[in-house]
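Subject: Structure handover, with notes on the aromatic rings

Hi,

Here is the structure for you to look over. My notes follow below it.

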Amino acid sequence: MTAQEIRQQFLDFFQSKQHKIVPSAPMVLKNDPTLMFTNAGMNQFKDFFLGDKVPSAKRIADTQKCLRVSGKHNDLEEVGHDTYHHTMFEMLGNWSFGDYFKKEAIEWAWELLTEVYKLPKERLYVTVFEGDAKENLTFDQEAFDIWAKLIDKTHILKGNKKDNFWEMGATGPCGPCSEIHIDLRPQAEIDKIPGAERVNNDDPQVIEIWNNVFMQFNRKADGSLEQLPDKHVDTGMGFERLVRVIQGKASNYDTDIFMPLIAEIEKISGIKYEQGITGFSKKDIAQRVIADHIRAVSFAIADGQMPSNAKAGYVIRRILRRAIRYGYTFLGQKEPFIYKLVAILAEQMKGVFPELKAQESFVANVIKEEESSFLRTLENGIRLLKDTIALSDGILSGAVVFELYDTFGFPVDLTSLIARENNLSIDEDGFAKEMDIQKARSRNAAASETGDWITLNDISKVEFVGYDTFSCEAKITKYRKITTKTSSQFQIVLDKTPFYAESGGQIGDTGKLTFKNTPVEIEITNTKKENDLIIHFTNDDVAEILASLGNMETLKNYNSVDSLSFGEGKGEVSNDKFGVFESFHKSDVLAEINQENRALTTNNHSATHLLQSALRQVLGSHIQQKGSLVNPELLRFDFSHFSKMTDAEIAQVERIVNQKIRENIALDEKRNVPIKQALELGATALFGEKYGEFVRVITFDKTYSVELCGGSHVPATGNIGLLKIVSESSVAAGVRRIEAVTAAGAETLIAKDLQMYNQAKSVFNNTKDLLKSIEDLQAEKALLQKKLEEFENKQIAEIITQLATKVLFKNGINFIAQKLDVSSAEAVKNIAFGLKNKVEYLFCVLVAITDEKPHIAVMISENLVKEKALNASNIVRDLAKEIQGGGGGQPFFATAGGKDVSGLERVLEKAKEIV
């Protein structure tokens with residue numbers, strides 16, 4: 001049975017059990033502050049478990065793309081070293097939201113595995129939660145009794161909280177779980193050691209294939225548990241492991257999921273892969289690493305996450321670079337080759353995840369560019385490492401290894417390999433210490449404490465009314481406090497809100513909440529989504545404000561209020577300040593957005609739609625949005641394109657957009673359109689975006705711009721006024737970025753440019769041809785610069801000749817320490833290199849005052865570096881202390897700068913002492 005057939009059988013089985021089959025969510029998460037990637041099948045359903053959203057069906061099943069690079073058994077550096085762990089994997093799952101529970105979940109799991117997939121019952125083991133006295137949790141007798149009717153009781157094992165109590169995070173829904181394991185060992189081994197003794201003991205042939213989680217509790221911020229109003233089922237089965245079991249393979253990598261990729265790696269490298277559990281040479285591990293990592297990287301890019309140096313982008317870059325260095329080190333691949341695997345992967349997955357096939361060329365090109373870049377980094381790192389090795393005395397310090405890793409992206413295992421080739425070792429403990437320091441620094445910077453939601457009003461969902469109004473009456477439904485080391489914030493949820501939550505590139509609204517019949521206001525500084533929950537951020541102390549309002553009864557004889565505000569340094573509430581108010585409920589507010597900011601942001605968002613269509617007209621239909629930012633000041637649009645736009649192309653795009661603005665095209669907005677119907681209308685959808693069953697379609701002329709979009713838009717394009725492109729640049733391999741301004745921002749830019757133009761004209765006596773005047777000035781400057789360089793070179797040559805006569809021979813060294821009267825650091829460097837070419841066994845220290853600051857240069861002949869272990873970089877750092885500065889460089893040449901000019905004479909004296 002093929003992997004495709006196995007996947008389809010799973011979906012068909014649960015469809016027959018009245019489950020709705022839904023597509024995989026993107027692997028890259030956009031609106032979940034707790035996660036960068038989907039790491040479990042349940043992530044896209046968190047809102048259902050939390051009660052923030054109502055599911056479209058009570059029974060759901062799917063196959064979900066997941067990515068894990070940390071946690072139990074998922075450390076990135078370990079992937080490829082065993083037969084069954086991965087970065088990117090598929091999670092087959094079935095869910096019940098307040099419908100069926102343990103009985104159906106367990107019985108259906110057993111039916112699928114033993115009757116449909118025909119797995120041998122005698123090799124299956126199950127675990128149930130043994131309970132936990134500290135948590136006041138009892139043994140899961142219900143699950144045990146259900147299993148006892150299906151499987152021999154000796155195959156039902158008790159599991160502790162670590163293995164058999166699943167939690168979504170530090171807070172949130174959780175509950176006991178029941179795992180299903182299979183023993184794949186030869187019968188002779190089973191006869192020696194029963195499978196029950198190998199379950200959850202890291203045996204590569206006794207593996208978990210399915211976990212059934214029974215969500216019945218909610219973990220609060222204080223660590224306590226409370227019963228959920230509805231009980232849910234969340235199951236996850238590792239697709240790659242299941243295929244391995246059904247296909248009778250000893251390794252996940254031997255299945256038809258991975259072997260087409262490995263076969264291509266064999267073909268490219270000319271190195272045969274050893275299948276089974278015996279393939280543990282470095283070359284076998286390298287092929288597993290590459291076959292695994294190309295999946296993670298390809299789908300991440302297809303879902304919109306480009307490799308970069310920040311957050312999720314850094315994770316993807318790190319995964320790809322690990323694959324590159326394994327190919328470089330163990331398969332001898334010095335040129336880009338991993339990108340060639342994209343075509344095979346796209347063909348494999350087109351039936352279930354078509355987004356990769358649709359972007360095959362783009363994804364391959366991005367990976368190729370990343371490979372080329374990192375291969376250059378590897379070469380540079382090797383040169384740097386060899387320089388360091390030349391000065392080492394048997395061991396490379398942990399600090400040096402960490403610097404190579406952290407600053408230059410140089411992998412530790414490659415550093416270790418090269419060190420061993422040169423009869424050296426690395427200080428692994430020292431490196432680990434440096435890593436721990438960095439991790440602690442990162443944890444401390446990101447550390448925050450999230451309080452429990454304080455519920456004031458129960459609601460089933462939040463109503464967003466911000467398309468139609470800038471203000472509305474609402475109720476605060478719940479709030480919570482977020483505390484970091486440096487500050488605290490409150491988050492508020494309303495039952496109804498005009499505030500747009502940051503998404504689709506558009507920033508969140510700001511504004512205020514005014515408590516009904518009072519002058520009490522809360523300033524809203526941002527609005528974001530947590531999954532699909534709209535959250536309003538404020539720096540005001542919501543708990544204090546609500547407590548004060550709650551203490552005020554119905555007040556009468558209201559006369560006046562001078563002012564009323566709350567929060568740090570804002571004064572206390574006292575009843576005598578109020579006079580009398582009408583009756584009110586303390587959670588009732590008037591929610592108002594900042595209309596000016598919204599209007600400016602709206603201009604930029606609609607202009608972005610016009611811009612994308614213009615780009616497709618000018619550059620081609622391959623243009624796809626790869627990111628955007630829309631705020632009151634500007635719009636930023638990232639798009640797939642592999643060459644710099646010409647000035648003519650930029651001008652043409654700008655002309656098209658402004659033409660559409662002048663046409664004053666009316667907005668055609670359609671809400672709650674079935675997604676299939678929207679796509680049939682020709683609407684542009686973003687790869688990697690999670691769309692619901694119903695979408696909003698934004699059209700500006702159905703022949704020009706039709707897009708799926710949840711953002712705010714102008715009623716007609718004329719409102720935008722004008723668009724002016726500010727810049728076009730590269731942000732990543734295969735991705736270009738345009739920044740532009742609109743309306744008043746565009747007018748301001750043009751006015752500033754015109755003012756600068758007029759000022760430049762006045763400098764040239766109001767010349768009629770400003771460009772020619774500038775070109776003439778540049779030519780004149782170039783001529784003068786050439787003459788000046790000729791003069792300086794002649795002067796430098798004379799200085800070198802003079803200095804060569806002042807060299808002193810001492811202790812086998814030709815030594816000179818001299819103060820120079822030159823104008824630039826470059827001149828000092830040229831003199832140092834000139835002396836080096838003229839004088840053997842040279843140890844030279846030159847100082848000068850350049851740009852009114854002290855400057856030091858140290859030059860040492862290479863033979864002295866080797867024979868006398870001299871190091872210019874170390875020496876210049878020591879000398880720089882005399883001028884209150886610092887510096888560095890290479891063993892043979894280094895420079896330093898500082899603040900104290902008077903210290904230069906001490907530098908020369910200290911240099912003499914060194915000799």
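Phe-13 is buried, because its relative accessible area is 7% and the cut-off for buried is under 20%. Phe-14 falls under that cut-off as well, with a relative accessible area of 1%. Please keep in mind that this is a predicted model.

Now the ring pairs around these residues. The model has 28 aromatic pairs in total. In one of them, the ring centres of Phe-10 and Phe-14 are 5.0 Å apart and the planes meet at 55°, so this pair counts as tilted. Tilted is the class left between stacked, under 30 degrees, and edge-to-face, over 60. Both residues belong to helix α1, which covers residues 3-16. Phe-10 and Phe-14 are 4 residues apart there, about one turn of the helix. Phe-10 is buried, and Phe-14 is too.

Phe-14 also pairs with Phe-13. Their ring centres are 5.1 Å apart and their planes stand at 90°, so the pair is edge-to-face. Phe-14 therefore takes part in a tilted pair with Phe-10 and an edge-to-face pair with Phe-13.

Ring pairs join Phe-45, Phe-48, Phe-49, Trp-95 and Phe-97.

Next, charges over rings. Which ring does the charged end of Lys-334 sit over? It is the ring of Tyr-328, with the charged end 3.8 Å from the ring centre. Arg-696 has its charged end over the ring of Tyr-467, at 3.6 Å from the centre.

Now the protein as a whole:

- Secondary structure: 26 helices and 35 strands.
- Extent: the C-alpha atoms fill a box of roughly 100 × 90 × 60 Å along the principal axes.
- Burial: 49% of the 915 residues count as buried.
- Contacts: among those with a separation of 6 or more, 68% are between residues 24 or more positions apart.
- Surface: the accessible area is about 43,100 Å², and carbon and sulfur atoms hold 48% of it.
- Charge: there are 111 positive and 129 negative charges, and their mean positions lie 3 Å apart.

If you want a place to start, open helix α1 and look at Phe-10 and Phe-14. Then go to the cluster that includes Trp-95.

Best wishes

Note on methods:
Residues are numbered from 1 along each chain as its sequence is written. This is a predicted model: local features need pLDDT of at least 70, side-chain atom pairs count only at pLDDT 80 or more; totals for chains, interfaces and linings use all residues. Side-chain values use heavy atoms; hydrogens and water are left out. Rings of Phe, Tyr and Trp (its six-membered ring) pair if their centres lie within 6.5 Å; planes under 30 degrees apart count as stacked, over 60 as edge-to-face and the rest as tilted. Helices (H or I, at least four residues) and strands (E, at least two) are DSSP runs, numbered from the N terminus. Buried means under 20% relative accessible area, exposed over 50%, partly exposed in between (1.4 Å probe, protein chains only). A charge sits over a ring if NZ of Lys or CZ of Arg is within 6 Å of the ring centre and within 35 degrees of the ring normal. Contact means heavy atoms within 4.5 Å. Accessible areas come from the Shrake-Rupley method with a 1.4 Å probe; for residues, only the protein chains shown count as cover. Lys and Arg count as positive and Asp and Glu as negative; His and the chain ends are not counted. The place of a charge is taken as NZ of Lys, CZ of Arg, CG of Asp or CD of Glu.
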